[in-house]
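Please walk me through this structure in plain terms.

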Amino acid sequence: MTKIGVLRDIKARKGVAANEIARRAYLYVARNQTLPPQVRYQAQLQLNTFGRYTRPTTVKNRCTVSGRGRGIMSEFGLCRFQFRLQALQGQIPGVKKASW
């Protein structure tokens, strides 16, 4: 069963990817000091109409198995504990326990 934090993170990632170009364009216009204030104000109003899950700051790396938000190895999308368990079971190709 997938945890709600993971589902929320997936939704946020999709929203950010879908609206990234438009958000960046409006941000550029809103922050450009050489443009007239009325144009910048309109761009700021357009930015305010975007939803919560279109902001890049809502994206948080979470473990895809347990939903844990700390100790994430981004290459694998797993927390350190799940990474260790799956590596020991041989489920991650090219990863094995080191011994010397």
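R24 is exposed, at 57% relative accessible area, where exposed means over 50%, buried under 20% and partly exposed in between (1.4 Å probe, protein chains only). The model is predicted: local features need pLDDT of at least 70, side-chain atom pairs count only at pLDDT 80 or more, and totals for chains, interfaces and linings use all residues. Residues are numbered from 1 along each chain as its sequence is written, and side-chain values use heavy atoms, with hydrogens and water left out.

R24 forms a salt bridge with E20, with 3.3 Å between the closest N and O atoms; the term means a side-chain nitrogen of Lys or Arg within 4 Å of a carboxyl oxygen of Asp or Glu. E20 is partly exposed, at 36% relative accessibility. Helices (H or I, at least four residues) and strands (E, at least two) are DSSP runs, numbered from the N terminus.

By this rule there are 2 salt bridges. D9 and R13 also meet in one, at 3.0 Å from N to O. They too are 4 residues apart in helix 1 (residues 4-31), about one helical turn. D9 is buried at 8% relative accessibility, whereas R13 is partly exposed at 38%.

In helix 3 (residues 80-88), the residues Q82, F83, Q86 and A87 are buried. Seen down the axis of helix 3, they fall within an arc of 130° and so line one face of the helix; the arc is taken from the directions from the helix axis to the C-beta atoms. These buried residues pack against strand 1 (72-73) and strand 2 (78-79), contact meaning heavy atoms within 4.5 Å. Just after helix 3, G90 has a positive phi of about 80°.
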